[in-house]
Amino acid sequence: MRGAAAVLLLAVAAELSGAAAVRSCAVQSVGCKCAAERHKASGPAVPRRRVLCSGAALPAPPEPRLLPDGTATLLLSNNKITVLQNGSFFGLWALEKLDLKNNLISTVQPGAFLGLPELKRLDLSNNRIGCLSAGVFQGLSNLLRLNMSGNIFSSLPPGVFDELPSLKVVDFSTEHLTCDCNLRWALPWAHNRSVHISERTQCAYPRQLRAVPLRSAHESRLQCAGVPELHTHHLIPSLRQVVFQGDRLPFQCTATYLDSSTRIHWYHNRQRVQDDEREGVIVEESIVHDCTFITSELILSNIHVSANGEWECSVSTSQGNVSKKVEIVVLETSASYCPAERVTNNRGDFRWPRTLAGITAFQSCLQYPFSSGPVSGGPAAEKQASRRCDRAGRWEEGDYSHCLYTNDITRVLYTFVLMPINASNALTLAHQLRVYTAEAANFSDMVDVLYVAQMIEKFIGYVDQIKQLTDVIVEMASNIMLVDDHILWMSQKEEKACTSIVRSLEKIAAHTLSSNSQHMAVNSRNIAFEAYVVKPESYVGLSCVAFQRRDGGPPGRTAPTEQAAEPQSDQQLRLRCTTGRPNISLSSFHIKNSIALASIQLPPSLFASPVPPSPLADCKLQLLVFRNGKLFCSTGNSSRLADDGKRRSVATPVIYAGTYGCSVGNLTEPVAVSLRHPGEGADPVAAYWNFEVLGGMGGWSAEGCQLAAREPNVTSLHCRHLSNVAVLMELSGFPSEARGPVEVLHPAMYTCTAVLLLCLFTTIITYIVHHGTIHITQKCWHMLLNLCFHMAMTSAVFAGGITLTGYLVVCQAVGIVLHYSSLSTLLWMVVKARVLYKEATWKAPRQPDGDAAAAAPPRPMLRFYLIAGGIPLIICGITAAVNIHNYHDNNPYCWLVWRPSLGAFYVPVAFILLLTWLYLLCAGLCLQCHAPRGKEPAEPPGAAPGLGTNGELLTDSGSVSVTLHSGTQCPEEDGVYSLQAQLWALLAVHAMYVALWTFGAMAVSQRGELNVVFSCLYGVTAVALGLFIFIHHCVRRRDVLGSWLSCCPSYRAALPMQPYGHTGAAAAEDGSQMFIGCDPDAARSATSSSSPSSSPSCKLTNLRAAQGRTDGRSSGPGRHAGNHRRNHKGRTKQHREGKQQHRTKALRGPSSEQSESGSVHNSPSESYPSSGNSPGNRCSVPHDGEAAPSPSEGSDGFPEARRRSGDNVRQAERDAKRRSYPLNVGSHNGALKGSKYDVNLADADGGAGMRSGLWKSETTV
């Protein structure tokens, strides 16, 4: 009993203890759950509780008295808590972990965590905490880990973690964290307290430290310098506002609140805005949010017209000011508009739309992906041009400064201007700039001259340190003189660019000459420079002559034009000076092969002055000679000056003399100057350039200068002062300097080009007029005519326009045409070579007996035109579209500029030549491999004469011509129309055309003896090419000769007789007349004639042929319908006529075949003695089992006859074994009436008949 009672008491006690434990974990707060937590530390077991209140939408933390005792973990994440008040968790003595992440906490009051002595982990991440202070973390003496990431503060004040002595890990990364001087304290604090700043704590501002971990940043980089970077700065509205008068418009500006010095101010058109309710302007007080943002409002309650303009929100801080602007446009009741307008300038093409008055319109600039100009706004910044429409509805001047220049050279020059220059890079930049000024003749914008003038002015400051700069500066100035006169005039009027260049040149001696360097000379194409260090006490006078080498070209060739960017060294302007006063005459200059252009004599009394100079003083004397007066542009009203309102112009070189370091008094003796001018002008005046007149623009003044003497092309003058001196004349009818005379080619080039054109056009006209009587395929007819036409175009345009460099548009047109025709000619040769190659390698498909597959239709000629004409058109179009100035070279000929020509001409030509040579080589090898190795044995003398398989059986009209050979053949052998002959002819034309183009290019680019040599080579090649084409395609072709002779009335009248028995057009079309027993001359004459005729030694007969079979095998059933009927008594059965026609078809063998290369094989007048000796033998009757040859793709011959020839031969042989049918017996007059087939019978004895084959039982004719 006692034992049972003890057990019962124990069970009751256990149950009571469990019930008490459950009651102690109860949470009275709604949405919270409680769970027991295992005790981690050793010692007496103390109950630990884990309270979970996540996602309960709690607006505030639960009161500590509602939580169970022993709460060690409290999870309050994902709620709506906004404020942590003082003592919010007081009483939770056992709390070790507090999770408050993902709430809306914006304010944490000091003492909010009091009463948590055991707290070790605190998570405040992803809230809206904007500012913290040291009192916030009071009472957290044991806190080890603190997470404040994802809040909105941008910085932390020093000492904020002083109440956390046990802190080991901290994370305070935010998207606005600014690593500047205000956060510099964190690095030494973490180092001294051994606190680990999390790797995720990364800088967001400034930009140079973005994504850099704070603990990795060096203290020296945490600075507060420059304009502050605000992570937040918004102005609402941010876009331009268009409102009506009397409307209400509010503004709101929000910015980052850095510290107590942060303020927001409002400005209107840069004027401070004050609160004025009477004017309808209300400025609200600034409000600070969460210690992070500051907001200010501006309200315009009654907008007036005066509110137009920019409204600005300025954020003022201790580091600087940052502002945002918005434009306001106030419309009146009657608003006007600016019309749509298109503006094209050097920045692009802009189309301004119809715009309301008072509105500023914007247009995006043309973007250049590979532009050399700097992009200040970063790679994604969009550049815009702006233009304002004023209140009156008129466009103001637009602002295009943010847009890049459209011209490539201008963009590069603009880049040079922006580059910083120092002594280390000045020479390199000068050399690079000199390369671009070499193309100064292509400058199309005055800005180009302005930029070069600015760069020259900058380089002058370094010539005393870098002596080599002098040569580069003089050469750049010389190149600028190649620019068009109007562009130089505009640059002078805009910013006095020409004056700046001249002034810079005049300062060179003052910077470069010294005791160590007492002489300097620079020569260039248009400027000669000479400078000396002179001792005035020992000066005895100085005479200088400017000269250049004479052009060594042939008589009649003019000197190179001024547009030449790279003149020859012997054409440069030079100065030669001697001391004293020698007698100098420009007309009798003593240097061989040179011509003097200007001379100057400085008198010995040059330095005579009332005040004697110091004995140690050195004087620097400088001389400059300008080839013309293009750098001396008079832009103002000069009616009272020497040029008399621009009636006179500079007609001579301009020569300058000046001194530095010593004074020149009144000259007792004048300075004598002689100047050469190319022609005789009217009303000459001696003048000097005065930089001070016309408001500093400069002009020619005659004061102190007078004419001394005049000779042919030479004028002498005297001046009483040192300056830029020239002679001005009235230049009406005077040779223009801006456009030099047209250069003339060597006479041999014109004469030989005329011969070439005569031969080419004769060939073209012949093949067009007599197209129907010349044995050539349609394809080859097109290729020949196009090849001749494009060669004629190339040679004619080359001879007539290659030197027209003085006319820009004409020169560009000449360059485009030459570019197109040169490429097209070479491509037509490629097409011809490909056709020959396909012809040489073609093999007929093997077909079984009885098969008559339909012949493939001929392929159109359009593909050849697309290749030979379309490809050059595309290349020329792209080249001209990219830059039309690619066809205006600085050299004295109209052709592509060197750089674009590499890809647009020379690379395609190299590929075309390679392709042509490959086709020709392969075709030649194929013909060589298929050539017969030996001649077939001749027939025995006693053999019966047979039907020549070498003859042309099918004529142009569809009739069959059969030649019987029994002795010497009538026509002589001819190999012009074989594939080998065509191949060699194309190779010769190709080689001569390439040589012609090369010699022509060398002739226009060379000077002196080389010009004569290449001109003669060009002429010889042109004549050879023209004669070769004319002889090969006209003279050596009997059909062409016959066509020519048929046009001669005397030739037709000399014919002895007309075709017998057939009159009118029907007879000619039928082609049934044939010559029997003709001699060689008669046969040759007959075959070369365009109409069938006979000679006295040839007997005209007709051979009756059977009517075609009705099964559709006869080719062209309607071609000879008029001649298929006859009334012969002995031949009335239809089946016999069909058999006879079948046997005659078998006799044809392969029809007269016209190959793709244009050759007509095995014609009676152009056959070889045997088929084995024919070069390109493709028409011999195949042996049994062989496939009959057929032309390759695009052949225009007779496909149906060729397709059936093999089958007809085999069928005829089988029929001949069974029976034979005699042909019609000729009548007494020798004519075989109604014949469809013409048979030429050439018998040695005149009476021998045919006794073999199908003819062995026929009647002898």
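Helices (H or I, at least four residues) and strands (E, at least two) are taken here as DSSP runs, numbered from the N terminus. The structure is a predicted model, in which local features need pLDDT of at least 70 and side-chain atom pairs count only at pLDDT 80 or more, while totals for chains, interfaces and linings use all residues. Residues are numbered from 1 along each chain as its sequence is written, and side-chain values use heavy atoms, with hydrogens and water left out.

**Nonpolar cores**

- A nonpolar core is a set of buried Ala, Val, Leu, Ile, Met, Phe, Trp, Tyr and Cys residues joined through side-chain atoms within 4.5 Å, where buried means under 20% relative accessible area, exposed over 50%, and partly exposed in between (1.4 Å probe, protein chains only).
- The largest nonpolar core has 69 residues, of which Phe459, Ile473, Leu505 and Trp700 touch the most other members, and helix α5 (residues 446–460) gives the most to this core, with 11 residues.
- Contact means heavy atoms within 4.5 Å, and once neighbours within four places in sequence are left aside, Leu505 is in contact with Ile473, Val474, Ala477, Ile527, Gln622, Leu624 and Phe626.
- A second, separate core consists of 62 residues, including Ile764, Cys788, Tyr887 and Cys1034.

**Helix α3 and its cover**

- Helix α3 (residues 408–418) is mostly covered, with 8 of its 11 residues buried; these are Ile409, Thr410, Arg411, Val412, Leu413, Thr415, Phe416 and Val417.
- At the start of α3, a side-chain oxygen of Asn407 reaches to within 2.9 Å of the backbone nitrogen of Ile409.

**The pair α12 and α13**

- Helix α12 (residues 808–841) and helix α13 (residues 862–882) pack at an angle of about 155 degrees, with their axes 8 Å apart, and that makes α12 roughly antiparallel to α13.
- In these terms, angles under 35 degrees count as roughly parallel, over 145 as roughly antiparallel, 65 to 115 as roughly perpendicular and the rest as oblique.
- The crossing of α12 and α13 is right-handed, the near helix being turned clockwise from the far one by less than a right angle.
- The residues of α12 that meet α13 include Ile816, Tyr820, Leu823, Leu827, Trp828 and Val831, and among those they face in α13 are Phe864, Ile867, Ile871, Leu873 and Ile875.

- Arg627 lies in the loop between β32 (619–626) and β33 (649–650), where it is buried with a relative accessible area of 13%, and its side chain makes a polar contact with the side chain of Gln548 (2.8 Å).
- Thr777, in the loop between α10 (747–769) and α11 (778–801), counts as buried at 2% relative accessibility, and a polar atom of the Thr777 side chain lies 3.2 Å from the backbone nitrogen of Cys780.
- Ala687, in strand β36 (residues 682–690), counts as buried at 0% relative accessibility; the C-alpha atoms of Ala687 and Val725, 38 residues apart along the chain, are separated by 5.9 Å.
- Beyond its neighbours within four places in sequence, Ala687 has contacts that include Ala642, Trp700, Cys705, Val725 and Leu728.

**Backbone geometry**

- A cis peptide bond with omega of about -5 degrees joins Tyr205 and Pro206, and Pro206 is found in the loop between β10 (196–197) and β11 (233–236).
- The peptide bond from Ile236 to Pro237 is cis as well, with omega near 0 degrees, and Pro237 has its place in the loop between β11 and β12 (241–244).
- Ser194, in the loop between α2 (186–193) and β10, has a positive phi near 55 degrees although it is a residue other than glycine, and is exposed, with a relative accessible area of 55%.
- Arg270 likewise has a positive phi, near 70 degrees, in a residue other than glycine, and is exposed, with a relative accessible area of 71%.

Notes
A polar contact is a pair of N or O atoms within 3.5 Å; within protein, one must be able to donate a hydrogen and the other to accept it, and residues adjacent in sequence count only if both atoms are side-chain atoms. Axes are lines fitted to C-alpha atoms, for helices over the stretch in contact, and angles run from 0 to 180 degrees between N-to-C directions.
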